[in-house]
Amino acid sequence: MNKIIILNGPNLNLLGEREKNQYGNFTLEDVEKKCNEYANKNGIKLSMFQSNIEGELVEKIQTARNSQDGLIINAGGYTHTSVAIHDALKILKIPIIELHISNIYNREEFRHKSLISKVAKGIICGFGVDGYIMSLNAMKKFL
Ligand code: CA2
């Protein structure tokens with residue numbers, strides 16, 4: 001059974017509560033439920049983890065090195081700033097998918113730069129929370 005981890009970065013715990021026009025009505029709990037349903041149907045052993053703390057995300061990435069077959073990351077605001085997350089991801093040998101709910105390229109200029117893209121095998125962005133299922137489907141094909 002393939003093991004996949006989905007990491008969510010800062011503020012994604014607030015999904016569905018604010019900024020609904022940008023990120024939609026679904027809560028992170030709703031998204032996790034949909035992902036778990038998809039994983040169960042598709043024989044994937046799925047883990048999901050959200051943190052607002054950069055170091056906690058780095059630690060999860062390091063742990064994934066020897067325990068996961070694929071990693072999907074929506075690093076939130078850290079996408080645009082975190083050398084530490086970039087460096088941790090760079091060490092992994094498993095496929096990485098960068099995920100964003102919104103299209104970061106039609107938003108403010110500071111969101112156009114991603115430090116994750118350079119180490120990702122593929123990027124899914126702009127499809128709302130459907131992107132989570134899309135990225136699991138895409139990851140299945142990489143494994
Ligand atoms: O579009 C995405 O998925 C983002 O990664 C979301 C981040 C943003 O900083 C990135 O540029 C693009 C923001 C996380 C969600 O922030 C919320 C803030 C308030 C209410 C709900 C979510």
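Which space does the ligand take? The ligand takes the largest pocket. By "takes" I mean that more than half of its atoms lie within 2 Å of the pocket's grid points.

Quick ground rules. This is a predicted model: local features need pLDDT of at least 70, side-chain atom pairs count only at pLDDT 80 or more, and totals for chains, interfaces and linings use all residues. Residues are numbered from 1 along each chain as its sequence is written, and side-chain values use heavy atoms, with hydrogens and water left out.

The pocket, then. Its space is about 420 Å³. A pocket here is an open set of points on a 1 Å grid over the protein atoms alone, where a 1.4 Å probe fits, with protein on both sides within 12 Å along at least five of seven lines. The volume is the space filled by probe spheres set on those points. The lining has 19 residues, each with an atom within 4 Å of a point. Nearest the centre are Pro10, Asn11, Leu12, Tyr23 and Arg111.

Now the ligand. Around it are 17 residues, each with a heavy atom within 4 Å. Asn74, His80, Ile101, Ser102 and Arg111 are the closest.

Polar contacts next: pairs of N or O atoms within 3.5 Å. A side-chain N or O atom of Ser102 lies 2.5 Å from a ligand oxygen. For Ile101, a polar backbone atom is 2.7 Å from a ligand oxygen. For Gly77, a backbone N or O atom is 3.4 Å from one. Alone, the ligand exposes 510 Å², and the protein buries 93% of that. Those areas are Shrake-Rupley, with a 1.4 Å probe.

Technical notes
A polar contact is a pair of N or O atoms within 3.5 Å; within protein, one must be able to donate a hydrogen and the other to accept it, and residues adjacent in sequence count only if both atoms are side-chain atoms.
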